[in-house]
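Here's a quick tour of a protein model for anyone just starting out with structures. Keep the 3D view open and follow along as we go.

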Amino acid sequence: MTREKELRMALVCYGGISLAVYMHGITKEIWRLARASRAFHGDHAPPAQSTERVYHALLAEIETESDVKLRILPDIIAGASAGGINGVFLAQAIATGQSLEPLTQLWLDTADVEALIDPDQAAQHPWTKIWALPIAWMAQRRGAARIDELVEAGARREVQAKLSQFVRARWFEPPFGGKRFSNLILDALEAMHAAGGDGRLLPHGQPLDLFVTVTDFRGHPERLELHSPSEVMETEHRLVIPFSDHGTGGFADPAELTFAARATSSFPGAFPPFSVGELDSVLDERALAWPTRAAFLERALPRQYAANAADSAVLIDGSVLVNAPFRPAMDALRERPARREIDRRFIYIDPAPGPSFQFGATAAATPGFFQTIIGAISEIPRQQPIRDNLEAIQERSERIDRMRAITRLIRPEVEAQIEALFGYTLFLDSPTPARLAAWRTKAQNAAAAKSGFGYAAYGHLKVAGVVDLIATLLHAVGGEGAPERLHRIRRAVEEAVRAMDGGLTFAGKASPSAIAFLRSFDLGFRIRRLRLVARRLTELEDELTETQLATARAQIYDALAGYLEAKRTDPHAGLRRAVRVMRSDAQPVLDQLAASLGLKQLDDETDRKMAVAFEGMAKEVKRPLLLAYLGFPFFDVATLPLLQGEGLDEFDPIKVDRIAPEDAASIRQGGAEATLKGIQFNAFGAFFSRAYRENDYLWGRLHGAERMIDIVVSALPPRTRMKPGRVAAIKRQLFHAILDEEEPRLGAVPGLIGALRKEVG
């Protein structure tokens with residue numbers, strides 16, 4: 001009997017200017033893999049001609065070889081600049097089931113100087129700035145010997161002509177048109193809509209979250225609390241525009257997606273800054289309504305909206321300050337449901353990751369005047385490495401591994417305590433819901449008694465965590481983005497907790513007020529308990545068959561899903577007004593939140609589900625799972641300090657993968673220098689030639705397909721391996737499928753397609 005496993009992808013998409021075309025090829029393969037996964041799990045046949053057919057066959061082969069039915073879920077997308085605009089389109093396709101195919105032709109046709117340049121900025125006469133042409137020719141020759149070999153010689157003439165037009169455009173003003181760009185984005189979204197959709201690519205209840213970074217040019221005030229003075233104001237320029245379909249479908253108005261895509265990709269100097277007025281004008285000219293305008297501006301620009309200044313906000317490229325938006329993607333892990341085993345990946349797409357450092361004789365002794373200025377204000381901030389983000393992910397994963405190791409080490413002692421408490425006949429009894437509830441209470445009291453004075457510290461740590469969870473949840477429900485509002489909510493909740501009858505104490509055992517508070521609000525304890533049982537179940541997979549474990553797995557994850565759903569903001573939307581008007585007295589809102597959470601009902605449902613899981617279970621399964629379930633209070637006392645707020649949702653180590661030209665070398669070595677053309681002219685190259693765009697798009701699909709196979713295969717169980725040569729054979733199938741599909745469309749690079757067929761073999 002097979003078991004299901006989810007490979008969840010959090011995609012972090014970097015900026016890259018004209019390399020956006022290359023990134024479109026990559027995201028297209030991610031989209032196709034998600035479609036193949038949906039077809040595989042829905043027992044639908046994939047299209048006969050496309051990479052989806054190969055992905056579908058791979059998932060079937062994995063199930064045959066490992067008894068694992070793998071589901072692919074790209075459910076978090078964060079992007080900046082070129083990565084932001086590709087993230088917008090990919091998220092729209094995943095949320096609606098619309099096709100990315102119409103987008104490909106638009107990229108090839110319109111990501112061009114002639115389509116992007118503002119007519120008012122273009123050279124008005126053939127002799128305009130004729131003296132600037134040598135600059136263009138010098139820039140074109142730089143590095144051309146390595147790149148032009150990949151395309152027909154005729155492309156060079158096209159590049160020269162368009163580079164001439166670009167260089168001779170009006171100087172000291174952005175050459176590309178903002179309204180033209182907004183219209184192109186709307187055209188793309190309308191083309192996707194016109195092509196129709198065949199349903200959401202994620203299961204119902206699995207949210208899709210999109211985060212797009214933007215730079216607020218003028219900045220907005222943020223208040224910081226200090227000891228002395230008590231408050232200071234600083235100017236913040238970073239903005240993150242969030243979108244979510246909350247797991248139910250219905251993603252965003254096209255105007256909102258256009259806002260985010262246009263703002264995040266407003267590369268300084270090339271495009272004019274973006275403003276709300278620009279989008280309003282474009283929508284008026286197209287006779288398009290924007291019914292969600294006010295609500296969106298309040299969410300996207302909360303500070304400006306509160307000051308009635310959203311219309312005057314000036315927004316520029318999101319990669320200026322945040323080129324690698326890992327943080328919002330990491331924060332989104334707190335809102336993930338879980339119904340089965342999860343392999344969580346952070347996959348970042350870096351189209352040109354080559355090193356830019358120079359040492360010794362290869363470096364100039366002292367950078368020049370302009371080189372220093374350009375490097376300080378543009379190149380260095382964008383190329384800042386992601387070490388801090390990776391270290392944060394690694395630290396989280398190591399903390400989880402330490403917690404798991406401690407759990408394994410103390411398991412014999414905990415199991416001995418439970419057996420001594422209940423006796424060996426425990427495993428012969430039928431665990432009815434009433435018995436499970438009574439056993440849990442008895443085990444909880446025993447853990448408190450055995451823990452000594454350490455239990456008081458544990459209890460107050462739990463309360464602090466619950467207060468944080470309540471404050472964060474209420475802050476999200478209220479929809480007020482300002483950080484100081486979160487601090488005020490937390491203080492109000494803390495004061496309400498301190499004022500509870502008799503206080504919350506844990507000397508020897510929990511006081512009645514503490515018990516009542518934790519029973520009403522301690523979601524984390526319930527989630528951690530079921531996570532522990534689920535991990536124990538996973539550890540039994542090597543010893544027992546899936547048939548023995550299937551019922552328990554379904555019931556455990558179903559119970560867990562109920563608690564995770566209660567932790568999301570959507571079920572508590574009715575509290576929005578009460579949260580917004582709340583000032584110092586938080587008790588009325590806490591009473592409403594307790595009723596909305598309904599943990600007593602969830603506990604009763606969990607007892608019923610766990611009783612079903614244990615019913616008829618063989619002793620070799622029942623014993624370890626029941627010991628883990630009842631022994632959880634002992635484990636929690638020992639491990640809670642290690643969690644540091646993590647582990648309430650996807651409580652597993654995170655693996656990080658990269659997609660870049662250097663990582664996909666099955667066809668050609670050499671990375672971006674050997675494959676991509678958009679890297680020319682400081683990453684503007686693909687704007688000057690359709691052949692360049694076709695080249696980069698095709699390589700994007702090929703590299704994306706190769707890396708998708710690498711990542712999917714790495715999700716196999718530790719002791720499962722594909723047959724020798726199978727991975728390479730599957731990649732060849734994918735490469736030929738892509739070349740067969742794209743050859744009729746890519747008329748500007750016939751020589752490349754022929755060369756690639758020989759290289760693929």
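Helix H9 passes helix H10 in a right-handed crossing. Bear in mind that you're looking at a predicted model, not an experimental one.

**Where H9 meets H10**

- H9 covers residues 178-194 and H10 covers residues 254-264; the two pack at an angle of about 130 degrees, and their axes are 10 Å apart.
- Angles over 145 degrees would count as roughly antiparallel, and 65 to 115 as roughly perpendicular, so H9 and H10 end up as oblique to each other.
- On the H9 side, the contact uses Gly178, Phe181, Ser182, Ile185, Leu186 and Leu189.
- Across from them, H10 brings Pro254, Leu257, Thr258, Ala261 and Arg262.
- Sort the residues of this H9–H10 contact by class and you get 7 nonpolar, 3 polar and 1 charged.

**Where H30 meets H31**

- Helix H30 (residues 726-742) packs against helix H31 (residues 750-760) at an angle of about 165 degrees, with 10 Å between their axes.
- Because anything over 145 degrees counts as roughly antiparallel, H30 gets that label relative to H31.
- The crossing of H30 past H31 is left-handed.
- H30 puts Arg732, Phe735, His736, Leu739 and Asp740 into the contact, while H31 supplies Ile753, Leu756, Arg757 and Val760.
- The class count for the contact of H30 with H31 is 5 nonpolar, 1 polar and 3 charged residues.

- How far does helix H3 (residues 82-96) reach from its first C-alpha to its last? With 15 residues, H3 reaches 22 Å, close to the 21 Å expected at 1.5 Å a residue.
- H3 is largely enclosed by the rest of the structure, because 14 of its 15 residues are buried.
- Helix H17 (residues 433-451) has 19 residues, so at 1.5 Å a residue it should span 27 Å; the end C-alpha atoms are 27 Å apart, which agrees.
- Which residues of H17 are buried? They are Leu436, Trp439, Arg440, Ala443, Gln444, Ala446, Ala447 and Ala448.
- Gly452 follows H17, and its phi is positive too, near 65 degrees.

- Is Arg411 buried or exposed? Arg411 has 15% relative accessibility, so it counts as buried, since the cut-off for buried is under 20%.
- Arg411 sits in helix H16 (residues 387-422).
- Leaving aside residues up to four places away in sequence, Arg411 touches Arg536, Glu539 and Phe635.
- His246 isn't a glycine, yet it has a positive phi of about 55 degrees.
- You'll find His246 in the loop between strand S4 (231-244) and H10, where it is partly exposed, with a relative accessible area of 33%.
- Ala287 is another residue that isn't a glycine but has a positive phi, about 55 degrees.
- Look for Ala287 in the loop between helix H11 (276-285) and helix H12 (293-300).
- With a relative accessible area of 70%, Ala287 is exposed, because the cut-off for exposed is over 50%.

How values were computed. Residues are numbered from 1 along each chain as its sequence is written. This is a predicted model: local features need pLDDT of at least 70, side-chain atom pairs count only at pLDDT 80 or more; totals for chains, interfaces and linings use all residues. Side-chain values use heavy atoms; hydrogens and water are left out. Axes are lines fitted to C-alpha atoms, for helices over the stretch in contact, and angles run from 0 to 180 degrees between N-to-C directions. Helices (H or I, at least four residues) and strands (E, at least two) are DSSP runs, numbered from the N terminus. Angles under 35 degrees count as roughly parallel, over 145 as roughly antiparallel, 65 to 115 as roughly perpendicular and the rest as oblique. A crossing is left-handed if the near helix is turned anticlockwise from the far one by less than a right angle, and right-handed if clockwise. Contact means heavy atoms within 4.5 Å. Ala, Val, Leu, Ile, Met, Phe, Trp, Tyr, Cys and Pro count as nonpolar, Asp, Glu, Lys and Arg as charged, and the others, Gly among them, as polar. The expected span of a helix is 1.5 Å times one less than its number of residues. Buried means under 20% relative accessible area, exposed over 50%, partly exposed in between (1.4 Å probe, protein chains only).
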